[in-house]
Amino acid sequence: MNPISGAGHTRSGFVAIAGRPNVGKSTLANGIVGAKVAIVSDKPQTTRRAIRGVATGPDWQLVLVDLPGVQRPRDALTERMQRRVERELADADGCLLVLNAEQGIGPGDRFIARLLSAAPVPVTIAVNKVDRSDQPRIAASLHAAAELELAQEIFPVSARTGSGVPALVEHLVSLLPRGPFYFSATQHSDQSETVVLAELVREQVLARTRQEVPHAVEVQVDEIEHQRPDLVRIEAVVLTETESQKGILIGSGGAMIKSIGVAARRAIERDLGTQVHLKLSVRVRRHWRGDERLLDRLGIE
Ligand SMILES: Nc1nc2c(ncn2[C@@H]2O[C@H](COP(=O)(O)OP(=O)(O)OP(=O)(O)O)[C@@H](O)[C@H]2O)c(=O)[nH]1
Ligand SMILES: [Mg+2]
């Protein structure tokens, strides 16, 4: 990527955010950037792409790479997610390992810690969700984090309340090399409009479904038409793997898809700042998670 601006006294660089699914990586990235760059849910494996979120200060630019949660690959989708994590870690200037204070540090975290110890970048640890943990539990998590012998600095934070986050940001900025900015100061993310809109729809699906359904759903935006300066028409398809999942997503009398559509339209209107007509449909696409060409087209690489 070519640097686009900046004088001789700025710092800028990339920090990859790694950690188990559901520890709060995307929530933390959104909080630091100060805008919603990644969707969030209480289901594991919400993030499927490496998302660059850009935070810019007076003389620094911190590009956070929000990564999918590290896991054992099961299909082409999760294999791509895992490969992407490894590539991004190798390319970053630093890595932030996010742990969950509420749950403590387990085998999944230790697996990632081993992966990171092999990466040629400095590692910082954030112990997240301290708002949901009492003092003894936080102390035990900080102690277990130190025993990973991976990071010079360990920060207790709450991505939800913002507690501890400014000190973490200050430290991450201090790790950045000197150099010009990569993004304009007003840009928050590197994602295409199509992906951003599809993700806002998927977020509403995740908020309303359980068990295997969240993992079986992907959203494809087929059309974005700026009909007037204040009106955008969007057509999107909710892809799923089986007829029974399709039935769940449509719901009785179409109630589920209607509720997803209303909430997604509101979220998109907030994001675009215009009125939106959203047309949603549900389609079965068997084994889409194993379909390499579709994954290419969906920008999951
Ligand atoms: N109480 C509390 N909840 C949090 C905090 N950070 C994140 N969460 C919640 O934890 C859940 C997972 O958050 P995400 O940001 O989607 O987690 P993630 O690590 O990006 O997950 P994947 O993308 O699946 O790897 C959501 O329900 C968040 O609202 C926190 O500091 N405190
Ligand atoms: Mg995420």
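Where is the place of Gln-211? This point and others are taken up below for what is a predicted model.

1. Gln-211. The residue sits in the loop between H6 and helix H7 (213-216). Its phi is positive, about 55°, although Gln-211 is not a glycine. Most residues other than glycine have a negative phi. With a relative accessibility of 62%, Gln-211 counts as exposed, the cut-off for that class being over 50%.

2. Glu-149. A positive phi is also assigned to Glu-149, near 50°, and this residue too is other than glycine. Its location is the loop between helix H4 (135-147) and strand S6 (154-156). The relative accessible area of Glu-149 is 73%, so the residue is classed as exposed.

3. The magnesium site. Ser-26, through OG, and Thr-47, through OG1, coordinate the magnesium ion (ligand 2) at 2.0 to 2.2 Å. Ser-26 belongs to helix H1 (residues 25-33), whereas Thr-47 lies in the loop between H1 and strand S2 (51-56); the pair therefore ties together parts that are 21 residues apart in sequence. Ser-26 and Thr-47 are both buried.

4. Packing of H6 on H9. Helix H6 (residues 193-208) and helix H9 (residues 255-272) have axes that come within 9 Å and cross at roughly 140°. The two helices are therefore oblique to each other, since an angle must be over 145 degrees to count as roughly antiparallel. The crossing of H6 and H9 is right-handed. On the H6 side the contact is made by Glu-193, Val-196, Leu-197, Leu-200, Val-201, Gln-204, Val-205 and Arg-208. On the H9 side the residues are Met-256, Ser-259, Ile-260, Ala-263, Ala-264, Ala-267, Ile-268, Asp-271 and Leu-272. Sorted by class, the contact of H6 with H9 comprises 12 nonpolar, 2 polar and 3 charged residues.

5. Packing of H8 on H9. Helix H8 (residues 243-250) also packs with H9, at an angle of about 60° and with the axes 4 Å apart. Here Ile-248, Leu-249 and Ile-250 of H8 meet Ala-255, Met-256, Ile-257 and Ile-260 of H9. The residues of this contact divide into 7 nonpolar, no polar and no charged. Met-256 and Ile-260 are named in this contact and also in the contact of H9 with H6.

6. Ala-255. This residue of helix H9 takes part in the contact with H8. Its relative accessibility is 46%, so Ala-255 counts as partly exposed. Between Ala-255 and Leu-239, which are 16 residues apart in sequence, the C-alpha to C-alpha distance is 18 Å.

7. Gly-53. Strand S2 contains Gly-53, which counts as buried at 2% relative accessibility. Leaving aside neighbours within four places in sequence, Gly-53 is in contact with Val-33, Val-37, Leu-62, Val-63, Leu-64 and His-188. Gly-53 and Val-169 are 116 residues apart along the chain, and their C-alpha atoms are separated by 13 Å.

8. Asp-109. Helix H3 (residues 107-117) holds Asp-109. The relative accessibility of this residue is 0%, and Asp-109 is accordingly classed as buried. Apart from neighbours within four places in sequence, its contacts are with Arg-20, Leu-99 and Gly-104.

9. Pro-214. Helix H7 is the place of Pro-214, a buried residue with a relative accessible area of 3%. Neighbours within four places in sequence aside, Pro-214 is in contact with Lys-43, Arg-48, Leu-206 and Thr-209.

10. Val-219. Strand S7 (residues 218-228) includes Val-219, which is buried with a relative accessible area of 1%. Not counting residues up to four places away in sequence, Val-219 touches Ala-198, Val-201, Arg-202, Ala-236, Val-237, Val-238 and Leu-298. One of these, Val-201, is also among the H6 residues that make the contact with H9. Val-219 and Thr-240 are 21 residues apart along the chain, and 8.7 Å separates their C-alpha atoms.

Note on methods
Residues numbered from 1 in each chain as written. Chains lettered and ligands numbered in written order. Predicted model: local features only at pLDDT ≥ 70, side-chain atom pairs only at ≥ 80, totals over all residues. Heavy atoms only, no water. Axes fitted to C-alpha atoms, helices over the stretch in contact; angles between N-to-C directions. Parallel < 35°, antiparallel > 145°, perpendicular 65-115°, else oblique. Left-handed = near helix turned anticlockwise from the far one by under 90°. Contact = heavy atoms within 4.5 Å. Nonpolar A, V, L, I, M, F, W, Y, C, P; charged D, E, K, R; others polar. Donors = N, O, S within 2.8 Å, 3.2 Å for Na, K, Ca; no water. Buried < 20%, exposed > 50% of the residue type's maximum accessible area, 1.4 Å probe, protein only.
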